[in-house]
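User: I'd like to go through this model with you, starting with the ligand site and then moving to other spots. Can you take my questions as they come?

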Amino acid sequence: MDKLIVQGGGPLEGRIRVSGAKNAALPILMACLLAEGKVELGNVPRLRDIHTSLKLLEILGCKTSFDGNDVTSDAVALVPEAPYELVKTMRASVLCLGPLLARLREARVALPGGCAIGARPVDLHLKGLEKMGAKFELAEGYINGTCNGGLKGAHITFDFPTVGGTENLLMAASLAEGESILENAAREPEVEDLANFLNAMGAKITGQGTSVIRVEGVKSLKGCSYRVMPDRIEAGTYMCAAAITDGELLIEDCPYQELDAVSYKLREMGVWLEETDEGVLVRRDGPLVGTDVTTQPHPGFPTDMQAQFMVVMCMASGAGTIEEKIFENRFMHVQELARLGADIRLKGRTAMVRGGKPLFGAPVMASDLRASASLVIAGLAAEGKTEISRIYHLDRGYENIEAKLSGVGATIWREKE
Ligand code: UD1
């Protein structure tokens, strides 16, 4: 297993480029199952979850290639089973359920287990697909789905604007017979990117990016070329890194308009953000001050930025609170940040941060993807050496993070444990 060593204390300065969005690429890869013909994707980040998705596509009967950041996929001979060995390593595998039902009228997908940040059930995915005519049985840890008469368009109102649920339903509805209306749908930009990709393949989707999405089912979808959107969470992570190290970064290929809630809060805390022709310029605009944050579905403050934002609050003077409303157990980074000297109290789903205390390097352990990112940026701001173990989590979501951070002045390297 690898660990990352960060020698902190210096400012980050220079240009840093954002990669393609993992959370857009994952559903888009699963949507390749729907196409008759070859799909070509650009700006696909080279991450562990992407390799896992390609492996899954191969198992499900696609021919794939991955060259640089370009992926091709051709669904030549589909089979309906997604095995546990793959699903257990990546929850997003469950996104093949909708496409398989739509194309094969059957699917056998391992039920994803719990994960570090909470129970994360898939009941809303199944409930929606049932409304479209699918029937499910749970046996031996697998979801066995069938829809003998084919999927039919349906009017579905989500109990909660689930990102994955909306994506699964969007893919299924694209090839269903008749019209589907998805209400209280997720408005995340990655859902919109998936819908735009499906439209490029010939789907008829309108309303993506709003909470009511309409899908007019079509008989078939064809191959196409598509460029995956840039990663807003990666960009937001670098914004936090610039602020806490008192540096100045120009973030290239930054999806700034998708980061409104994050940039609003950063400004409130004393960070200068400026959109230029070449990217978004980020630096401190004076001393950092504490604020309060509540995570919400998009366009609210993203849960995927919560851990990194906590580090900014640790470096700010005054107190602030972070309320986590999306996942019930997403505060595992708190105890690790405490090892670096942070003063954070947890009460239920709220963390109270008393900022302004210096951080000092220490050995810490990554527990999930965004928690790992928070420990890396905390290490950049801390005095001395921080050793982060279990960084395989980080490799699921940040392309070339050491190279990118080294390129803007960080002292960071990888070692075998
Ligand atoms: C996606 C993102 C993840 C992000 C999350 C919220 C991907 C691959 N992952 O995850 O990075 O943190 O959105 O922005 O895109 N829920 C149910 N039943 C369901 C589905 C969800 O109860 O059937 C609950 C979950 O347990 C969770 C909440 O709804 O508490 C949000 O989940 P959801 O929006 O579905 O997130 P994911 O698609 O899993």
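**Ligand site and other features**

Analyst: Beginning with the ligand, a polar side-chain atom of Asn23 lies 3.0 Å from one of the ligand's oxygen atoms, where a polar contact is a pair of N or O atoms within 3.5 Å. This is a predicted model, in which local features need pLDDT of at least 70 and side-chain atom pairs count only at pLDDT 80 or more, while totals for chains, interfaces and linings use all residues. Residues are numbered from 1 along each chain as its sequence is written, and side-chain values use heavy atoms, with hydrogens and water left out.

User: Which backbone atom of Val163 or Ile326 sits by a ligand oxygen, and at what distance?

Analyst: A polar backbone atom of Val163 is 2.8 Å from an oxygen atom of the ligand, and for Ile326 a backbone N or O atom lies 2.7 Å from a ligand oxygen.

User: How much of the ligand does the protein bury?

Analyst: The protein buries 83% of the 740 Å² that the ligand exposes when taken alone, with accessible areas from the Shrake-Rupley method and a 1.4 Å probe.

User: Which elements give two or more residues to the shell around the ligand?

Analyst: Those elements are α1 (22-31), α5 (123-131) and α6 (163-174), helices here being DSSP runs of H or I with at least four residues and strands being E runs of at least two, numbered from the N terminus. The largest share, three residues, comes from α5.

User: And how many residues surround the ligand?

Analyst: There are 17 residues around the ligand, and the closest are Asp123, Leu124, Thr162, Asp304 and Ile326, a residue being near if one of its heavy atoms lies within 4 Å. At least three residues of the shell come from each of domain 1 (2-18 + 230-416) and domain 2 (22-227), with bounds from an automatic or database domain assignment.

User: Changing topic, what lines the largest cavity?

Analyst: Its lining consists of Thr303, Gln306, Ala307, Arg330, His333, Asp368, Arg370 and Ala371, and α10 (306-314) and α12 (369-381) each supply at least two of the lining residues. On a 1 Å grid over the protein atoms alone, a cavity is a set of points where a 1.4 Å probe fits but cannot get out, and lining residues have an atom within 4 Å of a point.

User: What is its volume?

Analyst: The largest cavity has a volume of about 30 Å³, counted as the space filled by probe spheres set on the points.

User: Where is the cis peptide bond?

Analyst: The bond from His298 to Pro299 is cis, with omega near 10°, and Pro299 is found in the loop between β20 (293-294) and α10.

User: What about the backbone of Asn184, is its phi positive or negative?

Analyst: Asn184 has a positive phi of about 55° although it is not a glycine, and its place is in the loop between β12 (179-183) and α7 (189-200). Most residues other than glycine have a negative phi, and most peptide bonds are trans.

Technical notes: Polar contact = N/O pair within 3.5 Å; in protein donor to acceptor, adjacent residues only side chain to side chain. 1 Å grid on protein atoms, 1.4 Å probe; cavity = no way out; pocket = protein on both sides within 12 Å on 5 of 7 lines; lining within 4 Å.
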